[in-house]
Amino acid sequence: MKSLIFALLPFIALCAQQEQPPFSLPDGVRVEQNLIYSSPGGRDLHLDLFLPKEGRGLSPAVVYIHGGGWKGGNKNAFRRHAAHMATKGFAGACIEYRLSGEAKYPAALQDSKAGVAWVRANAAKYRIDPQRIGAAGGSAGGHLVALLGVLGDVKAVAAFNPAVDLVSFGKSAPTGASNSVAEFLGATYAQQPELWAEATPITHVDKNSAVFLFLHGNADTTVPYQQSVDMLKKLKAAGVEADLFTAEGAAHGFFNRPPWFEPTLKRMEEFFLRHLSRN
């Protein structure tokens, strides 16, 4: 037993290094937790709203959407990002949504849209500018915020290792990723290819799409880096401003772990300050 423990020590140490420190609310930030923002079919959905305690004028806002393969995760995933951006004068809504085990697509998209609509409807109460709303999310959440960006719900999108081309998963040999998509959509690609295309953000790119920032590790084997590259190219071809932060050698979920947490947080901050702050 001792030999097993000693053998595991390097792994345990590595895991400890990758964990973020305990969360604490920064000075100058307040949060209203578990606000009900929608009740589809009587099922209450909640969000946590991070706000600057003081400020002049109306705040821009960002809606944050967690990942987890559309079947897991929770609204705490982006609380550090939301709290940090609140120190910069941004309101931030971290939302939960119906997962694939509860409801199939388009339920998660409907919930995401409802989260944005709630922020807009409550803008006056929380001193938010309803014309300056963005979205940020990772992986499955990156997919949902990308849809918000190409469907006209938000003005700016920061997408961390986003699944933006579901069709590519469907056309490839069966993988864990394609199985998660099938579970999310309620059908395999062979059964309903048109549904996979409809749920694919890259399908809907046009000149009216939001500005985008992609943040992706080029060693991601869960959602290939090429997905962000391809959507970046399509946005630019449509005349839409878009940029890509490449994390060299980083795998999936890199942005929540050292050494990438601070650099990606800073890059997201710069992006939203540029596109959602008043000139």
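**View 1. Phe212 is buried, with a relative accessible area of 1%.** Buried here means under 20% relative accessible area, exposed means over 50%, and partly exposed lies in between (1.4 Å probe, protein chains only). Phe214 is buried too, at 0%. The rings of Phe212 and Phe214 form a stacked pair, 5.3 Å centre to centre with 15° between the planes. Rings of Phe, Tyr and Trp (its six-membered ring) count as a pair if their centres lie within 6.5 Å; planes under 30 degrees apart are stacked, over 60 edge-to-face, and the rest tilted. The model is predicted: local features need pLDDT of at least 70, side-chain atom pairs count only at pLDDT 80 or more, and totals for chains, interfaces and linings use all residues. Residues are numbered from 1 along each chain as its sequence is written, and side-chain values use heavy atoms, leaving out hydrogens and water.

**View 2. Trp118 and Tyr126 form a tilted aromatic pair.** Their ring centres are 5.9 Å apart, and the planes make an angle of 35°. Both residues are buried. Elsewhere, ring pairs link Tyr64, Phe78, Phe160, Phe245, Phe254, Phe255 and Trp260 into a cluster. The count of aromatic pairs comes to 14.

**View 3. Helix α3 covers residues 107-121.** Helices (H or I, at least four residues) and strands (E, at least two) are DSSP runs, numbered from the N terminus. The 15 residues of α3 reach 20 Å from first C-alpha to last, close to the expected 21 Å; the expected span is 1.5 Å times one less than the number of residues. Among the buried residues of α3 are Leu109, Asp111, Val116 and Trp118.

**View 4. Helix α3 meets helix α5.** Ala108, Leu109, Ser112, Lys113 and Val116 in α3 are in contact (heavy atoms within 4.5 Å) with Leu144, Leu147 and Leu148 in α5. By class, this contact has six nonpolar, one polar and one charged residues. Ala, Val, Leu, Ile, Met, Phe, Trp, Tyr, Cys and Pro count as nonpolar, Asp, Glu, Lys and Arg as charged, and the others, Gly among them, as polar.

**View 5. A cis peptide bond joins Tyr105 and Pro106.** Omega is about 15°. Pro106 sits in the loop between β4 (91-95) and α3. Another cis peptide bond joins Pro258 and Pro259, with omega about 5°.

**View 6. Trp70 has a positive phi, near 65°, in a residue other than glycine.** Trp70 lies in the loop between β3 (59-65) and α2 (79-86) and is buried, with a relative accessible area of 4%.
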